[in-house]
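Visitor: I would like a short tour of this protein model. Where shall we begin?
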Amino acid sequence: SGVSDMKVTEYINDHLYPPIFQALAMILLALFLSAVGNGAGTVGFITACWLLLITAWLSADYRLRKKRLERLLKLADALEERYLIAEVMDKPARADDRVYYRILSMAGKSMLEQVTAAKRERREYREYIEQWIHEIKTPLTALKLLCGNNKSEVTRTMLLELEKLNHFAGQALYYARSETVEKDYLIREILLSDIIHQAVSDNKQLLMSNGVRIRLEVCGHTVFTDEKWAVFILNQIIGNAVRYLREMPELLFDAVRTEEGTALRVHDNGIGIPPEDLPRIFEKGFTGTNGRLGNSSTGLGLYLCRRLCAKLGIGLSAESDGNGTAITLAFTRNSFCRLTEEG
């Protein structure tokens, strides 16, 4: 049982020897009193008083100890970092409890040192990855310019591979900033069409090489979001859609006003998602039936979209049937947005 459910029998088992000693002492005292001529009434009275005092003491000690342990357990439950329990608990009065308290303090200090070291190493590694991504973008941009100025079948293939590198670099950058991505927000009013055009431009070679037709319908609405991360989300959706194409592929971007804000729907006419896979497509590493058919899916694109949408306050949902898949991004309006619109 748990500490808060400590039973009387468990307490007695933990304190078995003192009651046995007291019982033997009472028997010896009763024999001695009888031997020196005391009557049975006197012996019985003294023994009963002794037994009553011992029972009262054990009962009071049990209640106090149980209450103290329950308070300690609640204190531990309320802590996020439970290895710091020794820092917030009262120092015990009993000598044996003080030994356990010291052991807890030593363990907590050791754990705190390890956690601090791990956090420092993770921060340094994240900073290195961010710096590396920024550095790698310079030669990637130079290569794109060189390929653009020397057009040929080879450079067109190189441009496609460079787009993939940019795509993977964006994923790595988000992973590096996943815990502190909210510090990199710049929320402002922006046209949905601008976000879509930027995402399409980022994937131009991928879309052209696969013959994907782009259609925009009613995408002149404005939303309040971070442009860079919104483009990143669309890049993941576009890349995922192109991976599962059919003949005469098409991507349709359509936006509608809703009571909560604006919903952008990205619909492809690809092979669709099996009904049994649809509830799990936003899980990390889930590739589903289609992903196991040789399409080199990593199961990260939509997972990253879900995490980032949750941080940006964007609703994310998916529908699929025999005519393709539709991903919907719901941009909600908060009080800041409404005040801006009213002003």
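This is a predicted model: local features need pLDDT of at least 70, side-chain atom pairs count only at pLDDT 80 or more; totals for chains, interfaces and linings use all residues.
Visitor: Is E153 buried or exposed?
Guide: The cut-off for exposed is over 50%. E153 has a relative accessible area of 54%. That value passes the cut-off, so E153 is exposed.

Visitor: Which residue forms a salt bridge with E153?
Guide: Side chains of opposite charge can pair when their charged atoms come close. Here the closest N and O atoms of the pair are 3.0 Å apart. The cut-off for a salt bridge is within 4 Å. The partner of E153 is R156.

Visitor: Why are E153 and R156 separated by about one helical turn?
Guide: Both residues are in helix α6. R156 is partly exposed, at 41% relative accessible area. The separation is about one helical turn because E153 and R156 are three residues apart in helix α6.

Visitor: Staying with helix α6, is Q171 buried or exposed?
Guide: Helix α6 covers residues 153-176, and Q171 has its place there. Beyond its sequence neighbours up to four places away, Q171 touches F232, Q236, L300, G301 and L304. Its relative accessible area is 9%. Buried means under 20%, so Q171 is buried.

Visitor: How many salt bridges does the structure hold?
Guide: The pair E153 and R156 forms a salt bridge. E250 forms one with R213, and E250 forms one with R215. These are among the structure's salt bridges, which number eight.

Visitor: Which strands does the pair of E250 and R213 link?
Guide: The closest N and O atoms of E250 and R213 are 3.1 Å apart. The two residues lie 37 residues apart, so the pair links distant parts of the chain. E250 is in strand β4 and R213 is in strand β2. The strands are β4 and β2.

Visitor: Is E250 buried or exposed, and what about R213?
Guide: E250 has 19% relative accessibility. Buried means under 20%, so E250 counts as buried. R213 has a relative accessible area of 51%. With exposed set at over 50%, R213 is exposed.

Visitor: Which residues are linked with E250 in a network of salt bridges?
Guide: E250 forms a salt bridge with R215, with the closest N and O atoms 3.1 Å apart. That pair also links distant parts of the chain, 35 residues apart. R215 is partly exposed, at 27% relative accessible area. The residues linked with E250 in the network are R213, R215 and E217.

Visitor: Which residue in β5 stands opposite D254?
Guide: Strand β4 covers residues 250-257, and strand β5 covers residues 261-268. They pair in the antiparallel sense over seven bridges. Opposite D254 stands R265.

Visitor: Which residues is E260 in contact with, leaving aside neighbours within four places in sequence?
Guide: E260 lies in the loop between β4 and β5. At 48% relative accessible area, E260 is partly exposed. Its contacts are F331, T332 and R333.

Visitor: Which helix supplies the largest share of the nonpolar patch?
Guide: The surface patch has about 920 Å² of accessible area together. Helices α1 (8-14) and α2 (17-35) each supply at least two residues. L31, one of the patch residues, is exposed at 55% relative accessible area. The largest share, six residues, comes from α2.

Notes. Residues are numbered from 1 along each chain as its sequence is written. Side-chain values use heavy atoms; hydrogens and water are left out. Helices (H or I, at least four residues) and strands (E, at least two) are DSSP runs, numbered from the N terminus. Buried means under 20% relative accessible area, exposed over 50%, partly exposed in between (1.4 Å probe, protein chains only). Contact means heavy atoms within 4.5 Å. Patches are made of residues with over 30% relative accessible area and no salt bridge: like charges are joined within 9 Å, nonpolar side chains (Val, Leu, Ile, Met, Phe, Trp, Tyr) within 5 Å. Accessible areas come from the Shrake-Rupley method with a 1.4 Å probe; for residues, only the protein chains shown count as cover. A salt bridge is a side-chain nitrogen of Lys or Arg within 4 Å of a carboxyl oxygen of Asp or Glu. Two strands pair if DSSP finds at least two bridges between them.
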